[in-house]
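User: I am new to this structure and would like to learn how to read it. Could you take me through it step by step?

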Amino acid sequence: KRKTNIIPKGFLWGGAVTSFQTEGAWNEGGKGPSIVDARPVKEGQSDWKTAVDFYHRYKEDIALFKEMGFNAYRTSISWSRIFPDGEGEPNEEGLQFYDDLFDEMLANGIQPVVTLYHFDLPLALQKKYNGFASREVIELFDRYARTVFKRYGSKVKYWLTFNEQNLVLTNPEFWGVSLEGAENEEALRYQVTHHAFIAHAKAVKSLHEIVPGGQMAGMVTYMATYPHTCAPEDTIANMKAKELLVDFYFDVFAHGEYPTYVTSRLQQKGIVPHFEEGDAALLKENTVDYLSISYYQSQTASADLTDESALISGITPNPGLKTNEWGWAIDPIGLRVCLKDMYARYRLPIFITENGIGVREELNENDTVEDDYRIEYLSEHIKQMKIAMEEGVDVFGYLTWGSTDLISSGGQFEKRYGFIYVNRGETDLRDLKRYKKKSFHWFKRVIETNGEEL
Ligand code: BG6
């Protein structure tokens, strides 16, 4: 008897991107500058002004996504398209852009999955308030969130608050925060982390008030870590690293309170994040509907427990794994490890909202890219996801990072992720024409067979 497919009907398949890595049109339609636009551009690398010109070409791209069979596509809303300086009145042209975009997706059978914030704070809020270091920005974020929930609530069911919120402690600059001049840098990092939790919980609350049935995620980038050796000390180091890098966030998202492994550590350091009245209750009452991860790679943790930065620097490459050109270890089983651990701990549905491999690629003489390595990478990860599901984990969607090529987070265009090649170079925009790679046809078949044929 043929085994039934573990992947249920209605499973979400598609791709994931952000506004600023695809849209371009950085100063069109009334958009204000964001902190990404103000980032210095490295010599020889792309700026963010055009990206892949999705702002003007989204109909063409969505037609290709439809051809692949996508039923979901994740992007972020650019906050500064909606509120150009983060305050004041919303910009109708920006609101209309996402209305048109989401309508086009829906008309093609693709449901939008929307990230509220993907590291692109309106620049004005960085200058005026030092970003999320200030409680004011939490209120402005909530105002922005409520505005888009009201506007798109009938079109969007699945939302994410912050992309990869677990980066806030190590990279507060992604939340528009400068640590310069801080009396106690570490205390400020934890305060910003607290503000991100509060802003997140407020958005959960607002979504549930405004959009009946709206589903909100907490998201982390989940880099699997293993003990570097079988020494017990390495296992403890690995637990501590994981607590700091992953569990802290999921625990607050899912259980609505700070875990004791964090509060005890903070106490020892003499750091007391400032909780305003109502913060604890807000966190407790506004836990998430599902959990979301990006997954790319794994590393190992070795025993060096003197402090948090030593712990983080104790995270080292896994000598047994192959890497991509950027040194990211390729580890499909690591995805299964993450999924199983998350589900055992939280029992919440899981949405994989990023997985993929960046590669330098050029069109061949047949105007395509034979990207067998990408097919292999994705198919091995999907296989491990399916095993996790067979072992009882509830995963309801899988989105690859990119669909067309797009600018990488570090500002490189040559690190390509797409099923669809975009004809542009690092700084030479060429004609921005789209070409199907071999993986385009492969992923189409994966979706057609609901993951049976890999
Ligand atoms: C994720 C981010 O961390 O990884 C994306 O959410 C990013 O913005 C993606 O592009 C891939 O990383 P990179 O550095 O290769 O672009």
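Analyst: Let's begin with packing. The buried residues of helix 4 pack against helix 2 (54–68), strand 2 (72–76), helix 3 (79–82), strand 3 (111–117) and helix 6 (135–152). Here, helices (H or I, at least four residues) and strands (E, at least two) are DSSP runs, numbered from the N terminus. Please keep in mind that this is a predicted model, where local features need pLDDT of at least 70 and side-chain atom pairs count only at pLDDT 80 or more, while totals for chains, interfaces and linings use all residues. Residues are numbered from 1 along each chain, as its sequence is written.

User: Which residues of helix 4 are buried?

Analyst: Burial is a count of neighbours: a residue is buried if 20 or more other C-beta atoms lie within 10 Å of its own, exposed if 12 or fewer, and partly exposed in between, with C-beta atoms placed from the backbone. In helix 4, Gly94, Phe97, Tyr98, Leu101, Phe102 and Met105 are buried. They cover an arc of only 120 degrees around the axis, so they sit on the same side of helix 4. That arc is taken over the directions from the helix axis to the C-beta atoms. On the other side of helix 4, Glu92, Asp100, Asp103 and Ala107 are exposed.

User: How many Å should helix 4 span?

Analyst: The expected span is 1.5 Å times one less than the number of residues. Helix 4 (residues 92–107) has 16 residues and should span 22 Å, which agrees with its end C-alpha atoms being 22 Å apart. Gly109 follows helix 4, with a positive phi near 75 degrees.

User: How do I read strand 2? Are its residues buried or exposed?

Analyst: In a regular strand, side chains alternate between the two faces of the sheet. Both faces of strand 2 are covered: Ala72, Arg74 and Ser76 on one side, and Tyr73 and Thr75 on the other, are all buried.

User: How many bridges join strand 2 to strand 3?

Analyst: Two strands pair if DSSP finds at least two bridges between them. Five bridges join strand 2 to strand 3, and the two run parallel. Ser76 stands opposite Thr115 in strand 3. Strand 1 (residues 12–16) is joined to strand 2 by three bridges, also parallel, and Tyr73 in strand 2 is the bridge partner of Gly15.

User: What do the eight strands close into?

Analyst: Eight strands close into a barrel in the order 1-2-3-4-5-7-10-11, with parallel pairing. From one strand to the next, the twist averages 25 degrees. Axes are lines fitted to C-alpha atoms, for helices over the stretch in contact, and angles run from 0 to 180 degrees between N-to-C directions. Strand 10 (residues 350–355) and strand 11 (residues 395–401) pair in the parallel sense over three bridges. Helix 12 (residues 332–346) lies across strand 7 (290–295), strand 10 and strand 11, at about 160 degrees to strand 7.

User: Which strands form an open sheet?

Analyst: Three strands form an open sheet in the order 6-8-9, and the pairing is mixed. Its edge strands are strand 6 (224–227) and strand 9 (315–316), each pairing on one side only. Strand 8 (residues 298–301) and strand 9 run antiparallel and are joined by two bridges. Helix 8 (residues 232–255) lies across strand 6, strand 8 and strand 9, at about 160 degrees to strand 6.

User: Which residue does UniProt list for "active site"?

Analyst: An unreviewed UniProt entry lists Glu354 for "active site". UniProt positions are given in the numbering used here, feature names are shortened, and annotations may be inferred rather than shown by experiment. Glu354 is in strand 10. With 24 C-beta neighbours inside 10 Å, Glu354 counts as buried. Leaving aside neighbours within four places in sequence, Glu354 is in contact with Ala16, Ser294, Leu399 and Trp401.

Notes. Two residues are in contact if their C-beta atoms, placed from the backbone, lie within 7 Å.
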